[in-house]
Amino acid sequence: MSSFLPPVLSTTEMATSLFEIRQTHAYLLKTGLFHNVFTANKLISFAAANPEPQTLSYAHSILTHIANPNSYSYNTLIRAYANSDSPQRALSVFDEMLRGPVSPDKYTFTFVLKACAVFGGFEEGRLIHCLVLKIGIGCDIFVANTLIHVYARSGYFEIARNVLERMPQRDVVSWNALLGAYTEMGFIELARSLFDEMEERDMESWNFMISGYLKVGLLEEARTVFDKMPLKDVVSWNAMITGYAHASNFEEVLVLFENMQNSRVTPDNRTLVNVLSACAHLGALGQGEWIHAYIQKNRIKIEGFIATALVDMYAKCGNIEKAIEVFRNARKKDVSTWNSLIAGLGMHGYGKDALQVFSEMLREGSEPNEVTFIAILSACSRAGLLHEGRQMFDLMHDEYGIQPTIGHYGCMVDLLGRVGLLEEAFKLIRTMPAKEAPVLWESLLGSCKKHGNLEMAEHVSRKLLELSPQDGACYVQLSNTYAALSRWADVTEVRRKMRELKVNKKPGCSMIEVDGVVHEFLASEGMILEPG
């Protein structure tokens, strides 16, 4: 039997599908090798690395047919369920183990408690805790750490802290189990207090604090922790880069990425997507091209989010030809990749090309979502394709059951206004809730001015002012409308009211890239220079 064992085990370890495992299982049954528990356990081990429902169910069936299972047999399946989408099933296997001849060990308890933590099983965890104490392994550091995790994730912080305090031996994982729960649930003050108290910290401790501060919107506090870290990994850098991206501080995203490179920390896909997004927002084509070259040099697959980010960057930085090239060469395209190209083509005024890509998307079996229809409706609007725009709007609802949002209505109002159908656009806006209407009225106001319908422009301006009385831009719009009608007394009155109410209009802002450096300009103030 030993001469057959190595090839069988090798086949099992190299298996990539449930079908191959079934073939191996059939061979083991036929040759009698299945009665060797070591060989049978190899079949179950496949489930730990592939926790799909069918695979787990099959592995569970194998376990029930092993004549003499050992703790490894049960532990492997319990761990697999704990890491799956149905962690509660780990308790069923644990219960079977308790009813059989095999006694659980410390690894069993660690895995089953991890399952409890995943689905918030406080009561189940409490009962297992009792069993742990009864058996006498409550002081085991691995078991105790997982108990802290269970109680903390379930919101029972006092019990979790009590377990931590009673541990005869603690390590950094013990502290992190509680710290991670605090930050995940937004209790940042408790987290900070614990962090300051910790006997030792590792990189995960610091990363927990950074992510915790960012989760509650405290970007500066997160940056303070980040700057004090003795060592930073890719998780640390990604957290801060993502934080600044969410705060729309894209200049700092690029600065951080440069610092990350200087620190010799290798960026991952998440880093690259965030930095490419920053380049897109800033129009920093040179830096975006450098990142593209980095991706190619390091043989990173251009697919999924990376492909989407590259297409979006090139389109927003003005190189639509390169965006199309990246799209065509992408190994895999998801709906977001299609959306980026459609939006990019529309942004550059290629409405008919965007419609062709949309048709190609449907032919290849990729189903559009609501973002797809915003992109295609915007493309129709920019190109003045009224008939096609109406078709897309109807298709969205009738064929795909997508309810129009403010974004879709905005595209239609812009399209109708662009072709001069102001009354129809006016009636469409009137069907929208008042709180969502301001942005649509602003779009219509621009169309009224473009087509010289100043009477409607005055009506729309007043409507905007009613909805947003503290928005300085609304007063300026109304003032400009009166100026176009040569009603200078009304212009003066609007300006007087702005001073009386102390309403100010925010200055316009522009950014350009020169020699790889992004410069920002404010209206009437010139270039903003960083202090030397």
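This dialogue concerns the reading of confidence, fold and surface in a predicted model.

Visitor: What is the mean pLDDT of the chain, and how many of its residues reach 70 or more?

Guide: The pLDDT expresses the predictor's confidence in each residue. For this chain the mean is 86, and 86% of the residues reach 70 or more. Over residues 1-6 the pLDDT is below 50, and this stretch has 6 contacts in the model beyond near neighbours in sequence. The pLDDT is also below 50 over residues 522-532, where the corresponding number is 11 contacts.

Visitor: How many helices and strands does the chain have?

Guide: There are 30 helices and 3 strands in the chain. As for contacts between residues at least 6 apart in sequence, 57% of them join residues at least 24 apart.

Visitor: What share of the residues counts as buried, and how much area does the chain expose?

Guide: Of the 532 residues, 45% count as buried. The chain exposes about 27400 Å², of which carbon and sulfur atoms supply 52%.

Visitor: Which residues form a nonpolar patch on the surface?

Guide: The patch consists of Met185, Phe187 and Leu190, which together have about 250 Å² of accessible area. Phe187 lies in the loop between α11 (172-184) and α12 (188-197).

Definitions and conventions
Residues are numbered from 1 along each chain as its sequence is written. This is a predicted model: local features need pLDDT of at least 70, side-chain atom pairs count only at pLDDT 80 or more; totals for chains, interfaces and linings use all residues. Side-chain values use heavy atoms; hydrogens and water are left out. Patches are made of residues with over 30% relative accessible area and no salt bridge: like charges are joined within 9 Å, nonpolar side chains (Val, Leu, Ile, Met, Phe, Trp, Tyr) within 5 Å. Accessible areas come from the Shrake-Rupley method with a 1.4 Å probe; for residues, only the protein chains shown count as cover. A salt bridge is a side-chain nitrogen of Lys or Arg within 4 Å of a carboxyl oxygen of Asp or Glu. Helices (H or I, at least four residues) and strands (E, at least two) are DSSP runs, numbered from the N terminus. pLDDT is the predictor's confidence in each residue, from 0 to 100. Contact means heavy atoms within 4.5 Å. Buried means under 20% relative accessible area, exposed over 50%, partly exposed in between (1.4 Å probe, protein chains only).
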